[in-house]
Amino acid sequence: MVKIFKILFMLFLFPLSVWAQETEVVFKGIVTNTEGIGIANVLCKALSATDSLLAYGITQSNGHFHLQYKKNVNKLTFSKMAYATQIISVQKDKYQYTVQLEKKPYELDEVVVKEAPITRKKDN
């Protein structure tokens, strides 16, 4: 009788643990420049409505990205140095995105090097 009770108890708990797990969803796509060439090493982020980071990834050498998440994502951001950051609102039931980044010049502030000049000493 005890064995039957244990088996029934386990059969009752197993479905509850399966229902408690959140469904994992995947965003896929490609990030290209204005010429249509994939951009490597673009930072891809999935954000909530309050701009909390839910998932992140970096594009491959051909520009493809892959983000896995378990919570509600409201927007995706794509950023890389020398390119303008792109923010996309997530559409319901759309998991494939093609993103195009435009070049954005990035100016550095003036750099001044202050160091004593090189001197030469005679060896004896």
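Tutor: Phenylalanine 27 and tyrosine 69 are both buried, where buried means under 20% relative accessible area with a 1.4 Å probe and protein chains only. The model is predicted, so local features need pLDDT of at least 70 and side-chain atom pairs pLDDT 80 or more, while totals for chains, interfaces and linings use all residues. Residues are numbered from 1 along each chain as its sequence is written, and side-chain values use heavy atoms, without hydrogens and water.

Phenylalanine 27 and tyrosine 97 form an edge-to-face aromatic pair, with 5.8 Å centre to centre and 65° between the planes. Rings of Phe, Tyr and Trp (its six-membered ring) pair if their centres lie within 6.5 Å; planes under 30 degrees apart count as stacked, over 60 as edge-to-face and the rest as tilted. This pair links distant parts of the chain, as phenylalanine 27 lies in strand 1 and tyrosine 97 in strand 7, 70 residues apart. Strands here are DSSP runs (E, at least two residues), numbered from the N terminus.

The relative accessible area is 0% for phenylalanine 27 and 4% for tyrosine 97. A search of the whole structure finds four aromatic pairs. Among them, phenylalanine 27 and tyrosine 69 are stacked, at 5.0 Å centre to centre and 15° between the planes. Tyrosine 69 belongs to strand 4 and phenylalanine 27 to strand 1, so their pair ties together parts 42 residues apart in sequence. Ring pairs join Phe27, Tyr69, Tyr95 and Tyr97 into a cluster.

How values were computed. Helices (H or I, at least four residues) and strands (E, at least two) are DSSP runs, numbered from the N terminus. Buried means under 20% relative accessible area, exposed over 50%, partly exposed in between (1.4 Å probe, protein chains only).
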